[in-house]
Amino acid sequence: MSHDATPKMTDLERLRHSAAHILATAITKLWPEAQLAAGPPVENGFYYDIDLKHRITPDDFAKIESEMKAVTKANQTFERIVVTRQEAVKMGQAGRLGAQQDRPEPSRYKLDILEGIPDDEQITLYKNGEFIDLCVGPHVMRTGNVGAFKITHVSSSYYKGDEKNPQLQRIYGTAFKNKTEMEAHFTLLEEAKKRDHRKLGKELQLFHIDDEVGQGLILWTPKGAIIRQELQNFISEELRKQGYSQVFTPHIGKLGLYRTSGHFPYYKESQYPPIVERETLDLLAKEGCTCSELTNRLDAGEINGYMLKPMNCPHHIKIFASQPHSYRDLPVRLAEFGTVYRWEQSGELGGMTRVRGFTQDDAHLFVTEDQVPAEVKGCLSLVKLIFSKLNMTDYRVRVGLRDPDSNKYTGDPANWDKAEQACREAAASLGVPFSEEAGEAAFYGPKIDFVVKDVIGREWQLGTVQVDYNLPIRFDLNYVGSDGKQHRPVMIHRAPFGSMERFIGCLIEHFAGAFPTWLSPEQVRFLPVTEAQNEYARKLHEQCLAHNIRSVLDDSREKLGAKIRLAQLEKVPYMLIIGEKELNSDHVSVRSRKLNDEGPKPWAEFFTRLQGEISNRLA
RNA sequence: GCCGGUUUAGCUCAGUGGUAGAGCAGCGGUUUUGUAAACCGCUGGUCAUCGGUUCGAAUCCGAUAACCGGCUCCA
């Protein structure tokens, strides 16, 4: 029995998938020897993976596009052809799949894809002009239905996403019903790029990355540091309310600690190599250890040293384990803004969202088995509270479960089942949509992640809550139960922001650099109209400083328009203009970043409003 | 790490083999100014780094680094 497996697609996806075929048609006209792999629609367009000796560069785009233009102009029909497996294989061997005609080389990727199609599924080809491709569809009726398209960029990819497979060229494009819609899309992209945290971070002097310090290592400049500090204050207040205890731990720990936790050697690839003591090195030198031996022995973990900590849990566990616990003590909640270091691949680093050193707003909860559901819920509602305080509503919740086909997970399957169920129920209790995704769990337990998109549509995991039955076993953690016997606690790892770096990177884009007053590096700026008002403005400015309001006095000799422009560009929430009239009436003219000219207000009234806005952390 | 692109003043960017440019910022002066840019002048560069081709290189070639877009990875 065979059944039609045509996937569901939106109209736009269908159009873009067809555009991918038009691209493939153009490519095979220009380079008949090209071997095609796959060409699906994606979020903002489509791509086609091809294997081709000629390196496609942006210089080729115009040529490809004009060839595509010819295809849409010819208004060819997309013809769906059902074939038997034998017929398809025969065509593949003749090089006819993903091609304009028979070729000396077989269509090797198409043949491979064919093998992956289940026996009971229909095999379909799509034909436009002379171009035939193995494809489930669906497509638009005619090539002319693709009204506007553009090749946007080219990059590399691995066949089926596996590093061991051949490297292909991935040609990206976008397509729309018509030109107007495509133009609107590009305008939107331009606008989004203005909010890029890397651009704004530089313009607003929020952070700096310096080659001489190192890739992926963030230097927080004074203005960025204020935002980070304010967020830390905010979260610390919430933690105190919710019964957390603050701890501090060092940035390094002995290699053996990570052997116990299982992070070494499991994650050694993504860690900085150990810091080895001078005496150890001297000893190795006396033994005649060569550099390559040293590397091997470091890799094998035979040489002891100190690791820059890749996570905070082992340190926190040692605090928990430093004294005996009764069930009456639990939950124990240990919180720290802990800085960790991870050796990320150089090609993956970028801005503040993917870095090599970052500070997690971390905490570890040591709880009894019974407390797991309630504590997970508590953690989730904290994350939700923090997100809503910052008006970040555009996130999705992902419940990461184990991949049934993988054996990378540690621990008892029965515990996994319980933990996964607890995560599911907790996520459901949030009252926001969530998706369950197999294979997204941590190796030690399932987790619930809060995921947001950046300005160019990439997803980043921010807040996370993870249930862990594994580390308590590895570290032999215990508490005394009401029965007087030793019991194993369960650990919950959680970080509402994820990391300060990534979170603030996303926050910069979320607010487009215009932070709410409580977070703004500069909250209010006084703009005297002439020098005659400088003294009065200074008095008010100093009153603000005395009340912990971040105020600046612009007593430069610029004209008011110039002062306003500067303050506006620097995204200061409140500009207070003081001229002759204001000076004589104890008023300030308020110009807010949001509403522009709000007119004159009595100083005392505005000051109260400002204080309220800050202390209530209004967004 | 892999593929492709990029790198010129603090910032944004011109400059396709013949003596390094503009605007903004900075500094000095003049202007006392009412809701997004007053005027004049000055300073500022080993053209990412290293090597090569050439009579001559920002420009052509090679290596390295960083950045950008993907891929892979992501505790």
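Tutor: Let us begin with a definition: a polar contact is a pair of N or O atoms within 3.5 Å. In this predicted model, a base oxygen of RNA strand B lies 2.7 Å from a polar backbone atom of Glu580. Glu582 contributes a polar side-chain atom, 2.4 Å from a base nitrogen of RNA strand B.

Student: Which part of RNA strand B is 3.1 Å from a polar backbone atom of Tyr158?

Tutor: That partner is a sugar or linking oxygen.

Student: Which helix gives the most to the surface near RNA strand B?

Tutor: Helix 18 does, with seven residues. By residue type, this surface comprises 15 nonpolar, 20 polar and 20 charged residues.

Student: How should I read a salt bridge?

Tutor: Side chains of opposite charge can pair when their charged atoms come close. Here, Asp133 and Lys110 form a salt bridge, with their closest N and O atoms 2.8 Å apart. Asp133 belongs to strand 6 and Lys110 to helix 4, so this pair links distant parts of the chain, 23 residues apart.

Student: Are Asp133 and Lys110 buried or exposed?

Tutor: Both Asp133 and Lys110 are buried. For that label, the relative accessible area must be under 20%.

Student: Why are Glu191 and Lys194 separated by about one helical turn?

Tutor: They are about one turn apart because they stand three residues apart in helix 5.

Conventions: Residues are numbered from 1 along each chain as its sequence is written. Chains are lettered from A and ligands numbered from 1 in the order in which they are written. This is a predicted model: local features need pLDDT of at least 70, side-chain atom pairs count only at pLDDT 80 or more; totals for chains, interfaces and linings use all residues. Side-chain values use heavy atoms; hydrogens and water are left out. A polar contact is a pair of N or O atoms within 3.5 Å; within protein, one must be able to donate a hydrogen and the other to accept it, and residues adjacent in sequence count only if both atoms are side-chain atoms. Helices (H or I, at least four residues) and strands (E, at least two) are DSSP runs, numbered from the N terminus. Ala, Val, Leu, Ile, Met, Phe, Trp, Tyr, Cys and Pro count as nonpolar, Asp, Glu, Lys and Arg as charged, and the others, Gly among them, as polar. A salt bridge is a side-chain nitrogen of Lys or Arg within 4 Å of a carboxyl oxygen of Asp or Glu. Buried means under 20% relative accessible area, exposed over 50%, partly exposed in between (1.4 Å probe, protein chains only).
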